[in-house]
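Hi,

Here is the structure I promised to pass on. Have a look at it first, and my notes follow below.

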Amino acid sequence: MRVYNDYGPTEATVSCADFVLEPGDAPPPDIVPIGRPLAGHRLFVLDERLRPAPANVPGELYVSGVGVARGYLGRPGLTAERFVACPFGGPGERMYRTGDLARWRTDGNLEYLGRRDDQVKVRGFRVEPGEIETALLDRPEISQAAVVLRGERLIAYVAAPPERFDPDALRQALASRLPRYMVPAAFVRLDALPLAPGGKLDHRALPQPPAPADAPHGSRPPRDAWEGVLCEAFREVLGVAEVGADDDFFTLGGDSIGSIQLVGRVRGAGGRMTVRDVFEQRTPAALAARSRPGGPAAEVLGGRGTGPVAPTPISSWLAELGGAVDGYNQSMLLRVPAEADVAVVTGALQALLDHHDALRMRAEPEDGHWRMEIAEAGAVDAAAVLERVDAAGAGQEELDRLVRTHCAAARDRLAPRKGSVLRAVWFDRGPGEPGHLALVAHHLVVDGVSWRILTADLGSAWQALAEGREPRLDPVGTPLRIWAGQLAELAADPRRAERCAHWEEQSARSWETGRLDPALDDRSTEEAHSLTLPAAATRAVLGPVPAALGVGVTEVLLGAFAAAVRRWRPAEAADGVTVDLEGHGREEDVVPGADLSRTVGWFTAAHPVRVPAAGPDDDRTGALRALGAILDRAPDAGLGYGLLRYLNPRTRQRLASLPAPRFGFNYLGRFGGSGGDRNEADRTPDWSPVGSGLAGQPAGLPLAHEIEVTAVAAEGPEGPRLIATWSWAGRLHREREIRELAGLWFRELEELASAEPPPVGPPPLSDPAPLVDLSDAELDQLEAEWKAG
């Protein structure tokens, strides 16, 4: 008799693989495999990054082919999570994510290993309890172990003699071999684990664990000086009054840009740390153990920073945009110490120009890219860059007028073809009065992270010169020129073309295509409107809400945005909303050895995202977690889109032909300072920002989207407040329409902030990324509100 062992989920039309035992065949000695794919089907065993797993290595099972369904009726969020682009198929082909674990055997058959549902989710990380149990059972005093999720805590139940049970020793032992998020929050000793009649663990008979300590932030002081350094770095980056050694960076409101700042501070103090370390370890104590000075230093990708620079994805985007790009800028207004004089300000500016290669760039458009070259240190004279404006005795209104007028003039003097990519204007208010320094830089050479580096270095250089010392700025890791060259090599890899399928799946649908006309829709016809979210709601959406959901801040903001669009235009958004999402683009994992924590330049990465849009009666948390899964699957954390869209000649036109999203979205992270209020400059530290976007943009610069949202969390007396600037094509939308959409977005965020924490249930099948996606700066788009002060 012939025996069939069939495999197939309902979503793949029941049967897609089978194993056949022919008459006379010996049965398998251990596990009966599920066999090989049936005709018309393909099965893939993939790792977390959708890479094929080698033989005998477990992974998640995906199914593609003729039997795969189109999705779940009326459930766009779940559809987006489970039916994903197939990177191994043709354009538009999708595959079903089964949630089953499997592995290929060496004889070519598939072996079923169980469900991923046995795993649990802890703070956005997928955890296999069995891995923790195995580590516990390696301890000689432990005879039985079970790890379960109680609420949001991992609890370890162990059978051990009372005299040998030491929770601290267990915690330290696990921390030495497992990531910190896998170390249980509590250990419960039992004489023996309770078992059900069938011999399995009786979960209902497990005793309740001890209640967690309800300690405020900063409750546990650092154990030693290096933990103290980490606590202080957390405090400075996050802008909080006190940080304890066990406080979580992301629960306190940290984001991906903040993690870059944190890495830069720790490296400046002599530590060894990466952005990935921040996301995995998360607390000062855990990061201190990983980053202590004196250990073997990781090799940093360095090289010569001067000479020709290969085109980058974002610079190629600008070349393709066209129009009046010479004046496309970002600007920052800083408080200058009252005792500053022209010689010291000029010297500090010269230190910046000599230290940061991008500020010496010469660039001109050529064949759809920018031809860029960086001159040697000393090639740009700070005295020629700096303009002094006499503002002594000027009132606030007059000072505002001077700033607007001279910043616009500085913008008009930018000439990247001639190597003029930075202009500085010092508004000198006379002896004893703090002044202002406006820096206007072409966007080709700066981004949001760059401004954080430049303002800190400017203050450091000024302090050294004021004390009669030579400025010694912290070294730069990987030069912009080296990074650009590495991206060019990655883009040329023919294997990357397979990833186009993901971006085609995420692209805008035909009914979402933008209606922009470059000849009509430019900065001269753009309109803008800004709103500020109250401090209480901002605190919730920056910390507790994403922490409770296991997603990042960007997912919360972007998911709420899509839900608002669905309320605004239900017929167009029921199946989701496609958004061009900007991120900081400093994805060091893409290039081994890269250290961009102190590199100045324009690194922004933008890519389309098909965002699940929760309706009024839908599960919001499910939609946000589905969005986290989508961002987690984005090749190279989103940077991969630009590599294929702009730098690979084989795929450039293929992706260029896709519909362009109507919406653009950019979360810039947290900024210190006064949030742009120049009237309160007397309470702002020297060399801190007091405004941005003051130079405006050239009128002839075409718009990239019909509607754009740029959000920043600006620190204030009551804590951070989310400032959102909406800009739109005035020809296509009226202000009342945008105000309605903006109000709906804030309503979504306030409802999330005020809601009860989501119930703990079965974890989603995919890993919501704690990264964010994270986002880079277009500070100029905040100009409408920040100008008004």
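How many bridges join strand 2 to strand 3? Two, and the strands, with residues 17-21 making up strand 2, run antiparallel. (Strands are DSSP E runs of at least two residues and helices are H or I runs of at least four, numbered from the N terminus; two strands pair if DSSP finds at least two bridges between them.) Asp18 sits opposite Arg36 of strand 3.

Before you go on: this is a predicted model, where local features need pLDDT of at least 70 and side-chain atom pairs pLDDT 80 or more, while totals for chains, interfaces and linings use all residues. Residues are numbered from 1 along each chain as its sequence is written, and side-chain values use heavy atoms, with hydrogens and water left out.

Back to the sheet: it is open, with three strands in the order 1-2-3 and antiparallel pairing. Strand 1 (3-7) and strand 3 (36-37) are at the edges with a single partner strand each, so one side of each has no neighbour in the sheet.

Next, Thr312, in the loop between strand 14 (307-309) and helix 8 (313-321). Thr312 counts as buried because its relative accessibility is 7% (buried is under 20% relative accessible area, with a 1.4 Å probe and protein chains only). Leaving aside neighbours within four places in sequence, Thr312 is in contact (heavy atoms within 4.5 Å) with Met372, Ala484 and Leu647.

Cheers

Conventions:
Buried means under 20% relative accessible area, exposed over 50%, partly exposed in between (1.4 Å probe, protein chains only).
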